[in-house]
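Work through the two exercises below with the sequence and the structure at hand. Try each task before reading the solution that follows it.

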Amino acid sequence: MLKTVLVTGGTKGIGKAIALEFLKQGCEVVLNYNSDERSALSTQEEFNMLGYCPVLMRADVSDEGQVRAMFKEFFSIYDKLDILVNNAGISLVRVIQDTTLSDWNKIFAVNTTSAFLCSRAVADRMICNGGGCIINISSIWGEVGASCETAYSASKGALIAFTKALAKELAPSKVRVNCVSPGVIDTQMNSDLTGEEMEQLISQIPSGRIGYPEDVAKACLYLSEADYVTGEVLSVGGGFAK
């Protein structure tokens with residue numbers, strides 16, 4: 001039986017690579033996006049040209065009502081959800097003195113609250129279907145912290161704690177919850193780094209290179225298949241020092 005997968009923030013960067021990895025495995029994949037419809041349609045067309053037919057669903061996953069509506073639509077199409085990937089996220093590079101409460105709340109809403117809302121929305125369905133898999137995309141900064149990224153680091157650290165707690169809660173119902181913690185990945189989120197800043201980061205990576213979205217996607221595939229792994233944080237950072 002084909003597995004069904006929903007990836008939040010699934011039309012760009014890491015989310016796009018994760019979606020493609022599951023499409024290659026023959027899964028039915030739904031790509032969630034929020035505001036960039038042009039990019040979403042472009043990604044869908046790109047996948048169509050490769051022979052895949054993912055479904056697009058638009059929703060701000062930090063909004064409770066929109067999450068509820070998205071999953072109502074999802075379950076009107078599919079009988080079950082096997083794999084939920086909570087990937088939607090935003091970054092903020094700003095010293096704490098210049099970080100407003102609005103900044104802080106927005107970062108937590110997108111990076112952490114969205115995972116809570118989506119996981120809560122599917123938990124009962126996964127339990128009733130005899131199991132499922134939730135994968136949260138955190139960050140190495142959620143493990144070690146990053147200067148000038150307190151809000152981002154805190155939100156991703158909270159996502160790790162959420163993962164560990166929910167894994168214990170849902171494990172008896174055969175729903176596994178794990179976390180992938182990417183290091184420095186070649187995405188638009190890191191495009192504001194100068195060449196010098198990037199070189200400094202790479203110098204701290206034992207593997208000698210930055211990561212690619214495909215590296216994270218492979219980790220997600222592993223966690224989706226590892227039936228005895230739950231509550232774990234899988235770092236994908238080339239040995240980046242913690």
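**Exercise 1.** In this predicted model, describe how helix α3 packs against helix α4, beginning with the handedness of the crossing.

*Solution.* Start with the handedness: α3 passes α4 in a right-handed crossing. Next, take the geometry of the pair, since two packed helices are described by the angle between their axes and the distance between the axes. The axes of α3 (residues 64-77) and α4 (residues 101-128) come within 9 Å, and they cross at roughly 35°. Then list the residues that meet: α3 contributes Glu 64, Val 67, Met 70, Phe 71 and Phe 75, while α4 contributes Leu 117, Cys 118, Arg 120, Ala 121, Val 122 and Arg 125. Finally, sort this contact of α3 with α4 by class, which gives eight nonpolar and three charged residues but no polar ones.

**Exercise 2.** Determine the order of the seven strands in the open sheet, and find which strands stand at the edges.

*Solution.* Read across the sheet: the seven strands follow the order β3-β2-β1-β4-β5-β6-β7, with parallel pairing. At the edges stand β3 (55-58) and β7 (233-236), and because each has a single partner strand, one side of each is left without a neighbour in the sheet. On average, neighbouring strands of this sheet are turned by 20° against each other, direction ignored. Now look at one pair within the order: β1 (residues 4-7) runs parallel to β4 (residues 83-86) and is joined to β4 by three bridges, with Leu 6 standing opposite Leu 84 in β4.

Technical notes:
Residues are numbered from 1 along each chain as its sequence is written. This is a predicted model: local features need pLDDT of at least 70, side-chain atom pairs count only at pLDDT 80 or more; totals for chains, interfaces and linings use all residues. Side-chain values use heavy atoms; hydrogens and water are left out. Two strands pair if DSSP finds at least two bridges between them. Helices (H or I, at least four residues) and strands (E, at least two) are DSSP runs, numbered from the N terminus. Axes are lines fitted to C-alpha atoms, for helices over the stretch in contact, and angles run from 0 to 180 degrees between N-to-C directions. A crossing is left-handed if the near helix is turned anticlockwise from the far one by less than a right angle, and right-handed if clockwise. Contact means heavy atoms within 4.5 Å. Ala, Val, Leu, Ile, Met, Phe, Trp, Tyr, Cys and Pro count as nonpolar, Asp, Glu, Lys and Arg as charged, and the others, Gly among them, as polar.
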